[in-house]
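Subject: Structure handover

Hi there,

Here is the structure I promised to pass on to you. Have a look at it first, and then read on for what turned up in it.

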Amino acid sequence: MMWLDDKARVRGQARVLATLALAFSCLYLVTGDDGAPGGPLFALLVIYVTAYAGGNVTGRCGLPPLLGMLVVGLVLRNAPVLGEHVGSQVDPRISSAIRLGALALILTRAGLAFDIAALRRLLFVVARLAALPCLSEAIVVFLLAVWLLDFSPAWAAMLGFVVAPISPAVVVPSLLSLQDRGFGTSTGIPTMVVAAAPLDDVLSIAGFGICLGFGAAGSSSTDEWLTYARAPLELVLGLGVGALGAAALAVLCPAAEAAVGAAEAASAVNADGASVQSRLTLLLGTAVTAAFGLKKAGFSGASALSVLVLAAGAARAWGPTGAKPLSTQLAVAWNSIAQPLLFGLVGSAVALDALQPRVIGLGLVILGCSLLVRCSVAFIAVGGRGLRWQERLFTALAWMPKATVQAAIGAIALDEATSEEQRRMGRDILAVAVLAILATAPAGAVAISALGPRLLVREGMDEEEAGKDEEAARAPASGPHQQPQKIQPATAVLGRPSPGDGATVANSGRLAEGAAVMGDESRQVAGGPVEKDERPKRKGSGSCPQLLASLCRL
C-alpha cells in the first residue's frame with residue numbers, strides 16, 4: 001500500500017502546482033503588466049503564496065504560523081534579487097489597505113468571541129492595562145531618546161508613542177487560539193487583553209498625533225483644538241461608531257428565536273443558511289466601512305476600537321446561536337487568506353537598509369529598558385483581581401509584541417520633517433520602529449503560544465485538581481495485596497466533583513457500569529490503581545481490548 005500513498009501524495013503536489021500556475025496565469029491575463037513579474041500585483045501574489053507556505057512550515061514545527069509569515073515577508077523585501085523584483089514592488093497604498101482590512105477581520109472575530117460578563121468584571125483592570133504600560137514605556141523611551149539619541153523633547157515623545165503601542169494583529173490571533181482550547185477563559189484573560197489592545201493603540205496614536213503637531217514645523221493653528229482633544233475624541237468616536245453599527249445590525253437582522261434543546265438549536269442554525277450569510281455580509285461590510293472611514297477622516301486609533309465594539313455589540317444582540325456560525329466562517333477566512341497577507345505584508349514593510357549601526361546599538365538599549373518597564377508595569381496593573389502570579393506574568397508577556405502600528409506610523413515623522421535635523425530624527429524613529437518589530441513580534445508570538453498552556457488554567461480544571469491528577473498518575477502500584485479498586489468517573493476527569501467519585505466495584509452490574517465509564521474517559525490497569533490518561537482523546541474514543549482484558553482478570 002506504500003505505492004498508493006506515494007501516488008496520492010504526488011497527485012496532491014501536482015494539484016498545488018497546477019493551482020499556482022493557473023493563479024499566476026490568470027493574474028497576468030486579466031491585469032496585464034501589473035500581473036507580470038516585477039509588477040505590484042505579481043509581487044502581492046508571491047508574498048501571499050510564500051507567506052502561506054512559510055506559515056505551514058512553522059506551524060508543523062510547533063511555532064506560531066505568523067512567525068514564518070513575518071520571516072518570509074522580511075526576506076522578500078531585503079534579499080538582494082527578491083527585494084528588487086518582489087518586496088519593493090508592492091504598492092504602499094494597496095499594502096496599507098490590505099493590512100487594515102485583515103486587521104478589521106480579526107478584530108471582528110475577536111468581538112464575536114467577547115465575554116461581556118468577564119469584561120464588566122475586569123473593567124478597571126482593562127483601563128489600567130491599556131493606559132499604564134503604554135504611558136510608562138513612552139516616558140522611558142522619551143527620557144532615553146533625549147539622553148542617547150540627542151532628540152528634542154517633542155520628537156523624543158513622538159518616538160515614545162511610536163514604540164509604545166502593541167500590535168493587535170499579533171496578540172489577538174494568538175490569544176484566540178488559546179481561548180479556543182479553553183486556556184484562561186475562566187478568569188477572562190483573553191477577553192481582558194483583547195479589549196485593552198485597541199485602547200492601547202488609541203492612546204498611543206493620539207499621543208503621537210499630539211507630539212507630531214508640536215514637533216513638525218508648519219502645523220496649522222486652526223487645528224490646535226483637534227490636537228489637544230484627539231485622545232478623548234478618538235475614544236468617543238470609536239465607541240460611538242461601533243455602538244451605532246451594532247444597533248443597526250440588530251435592527252436589520254434580529255436574533256432568531258431561541259431553540260429548545262441542542263439538536264433543535266443546531267437544526268435551526270443549519271436551516272437558516274441565508275440569514276447567516278446575510279449577517280456575515282452586513283457585519284463585515286459595516287466593519288470595513290467603519291475602519292476605513294475613520295482612518296480616512298484622520299482617526300486611525302478609533303478605527304480598531306469601533307470594529308471591536310461593533311462585533312461585540314452584534315454578538316450580544318444575536319446571541320450565541322447567531323454569532324457562532326459567523327465566527328467559524330471568519331476563522332476560515334482568517335487562516336486561509338487574511339493572515340498570510342497581513343503578516344507577509346508587515347514583514348515586507350520592514351527595510352533593513354534603514355538601520356544604521358549606531359542606531360541599532362542605542363535602539364536595542366532603549367527597547368530593552370522600555371520593555372522591562374512595560375512588562376513590570378503590566379504585571380502590577382492586572383493585580384488585585386484574584387489572578388494568580390502565573391496569569392499576571394502571562395499578561396505581561398502578551399503585552400509585548402509590536403508590529404502593525406509601528407509599520408503604519410513609523411515613517412510619518414520622516415515624511416513631515418522640514419529641516420535636516422528633523423530628517424535625521426525621523427530616520428532614527430523609523431529605524432527604532434523597525435527594530436521594535438524585529439525584536440518583539442516573533443518573540444512575543446512564540447511566548448504567547450508556548451507559555452500560554454503552561455501559565456494559564458484550562459477551563460474545567462483548576463490548579464489544585466490538576467496537581468492531584470498528576471500525583472495520582474505518578475502513584476506506584478501497591479502490590480498484589482491491595483484494596484478494592486475504585487472507578488474514576490467522567491466528571492472527575494473533567495475536573496468537576498461528582499457524587500459517584502470513589503464508588504467501589506462490588507458486583508458485576510457495578511463493574512459493567514464502571515467499565516462503560518472507563519471506556520470513554522479513563523484507563524484502568526489490572527493489578528494497580530486507576531491511572532489517568534493525560535493524552536488528549538477524541539470524543540467517544542475507547543480502549544475496548546484493555547477493558548476486556550481487565551474484566552477477564554477480575
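A word on exposure before anything else: a residue is called buried under 20% relative accessible area, exposed over 50%, and partly exposed in between. With a relative accessible area of 34%, G298 therefore falls in the partly exposed class. Please keep in mind that this is a predicted model.

G298 sits in the loop between α14 (273-296) and α15. Its C-alpha is 9.6 Å from that of E234, and G298 and E234 are 64 residues apart in sequence. Helix α15 itself covers residues 300-348 and includes S303. S303 is buried, at a relative accessible area of 4%. Apart from neighbours within four places in sequence, S303 touches L100, A291 and L294.

Now the overall picture. The chain has 24 helices and two strands. Of its 554 residues, 44% are buried. If you take the contacts between residues at least 6 apart in sequence, 79% of them join residues at least 24 apart.

The part I would open in the viewer is around α8. How many of the eleven residues of α8 are buried? Nine are, so α8 is largely enclosed by the rest of the structure. The buried ones are W155, A156, A157, M158, L159, G160, F161, V162 and V163.

Two of the packing partners of α8 are worth a look:

- Helix α20 (residues 420-455): the axes of α8 (residues 153-163) and α20 come within 10 Å and cross at roughly 20°. Angles under 35 degrees count as roughly parallel, so α8 is roughly parallel to α20. The contact brings W155, M158, L159, V162 and V163 of α8 against Q422, M425, G426, I429, V432 and A433 of α20. The crossing of α8 and α20 is right-handed.
- Helix α7: the axes of α7 and α8 come within 8 Å, crossing at roughly 135°. That angle makes α7 and α8 oblique to each other. On the α7 side the contact uses L135, E137, A138, V141, F142, A145 and V146, and on the α8 side P153, A156, A157, L159, G160, F161 and V163. α7 also passes α8 in a right-handed crossing.

Between α7 and α8 there is a loop, and D150 lies in it. D150 is not a glycine, yet it has a positive phi of about 60°. D150 is exposed, with a relative accessible area of 57%.

α7 has a further partner. Helix α7 (residues 123-148) packs with helix α16 (residues 357-381) at an angle of about 155°, their axes 8 Å apart. Is α7 roughly parallel or roughly antiparallel to α16? An angle over 145 degrees counts as roughly antiparallel, which means that α7 is roughly antiparallel to α16. The crossing of α7 and α16 is right-handed.

Where does F183 sit? F183 is in the loop between α9 (168-180) and α10 (189-215). F183 counts as buried, at 9% relative accessibility. In sequence F183 and E459 are 276 residues apart, but their C-alpha atoms are 6.1 Å apart in space. Leaving aside neighbours within four places in sequence, the contacts of F183 are L178, P190, G452, P453, L456, V457 and R458.

Helix α3 can be checked for its span. α3 (residues 65-78) has 14 residues and reaches 21 Å from its first C-alpha to its last, close to the 20 Å expected at 1.5 Å a residue. Its buried residues are L66, L67, G68, M69, L70, V72, G73 and L76.

Last, the cysteines. How many disulfides does the structure hold? There are zero.

Happy browsing, and write back with any questions.

Best wishes

How values were computed
Residues numbered from 1 in each chain as written. Predicted model: local features only at pLDDT ≥ 70, side-chain atom pairs only at ≥ 80, totals over all residues. Heavy atoms only, no water. Helix = DSSP H or I, 4+ residues; strand = E, 2+ residues; numbered from the N terminus. Expected span 1.5 Å × (residues − 1). Buried < 20%, exposed > 50% of the residue type's maximum accessible area, 1.4 Å probe, protein only. Disulfide = S-S within 2.5 Å. Axes fitted to C-alpha atoms, helices over the stretch in contact; angles between N-to-C directions. Parallel < 35°, antiparallel > 145°, perpendicular 65-115°, else oblique. Left-handed = near helix turned anticlockwise from the far one by under 90°. Contact = heavy atoms within 4.5 Å.
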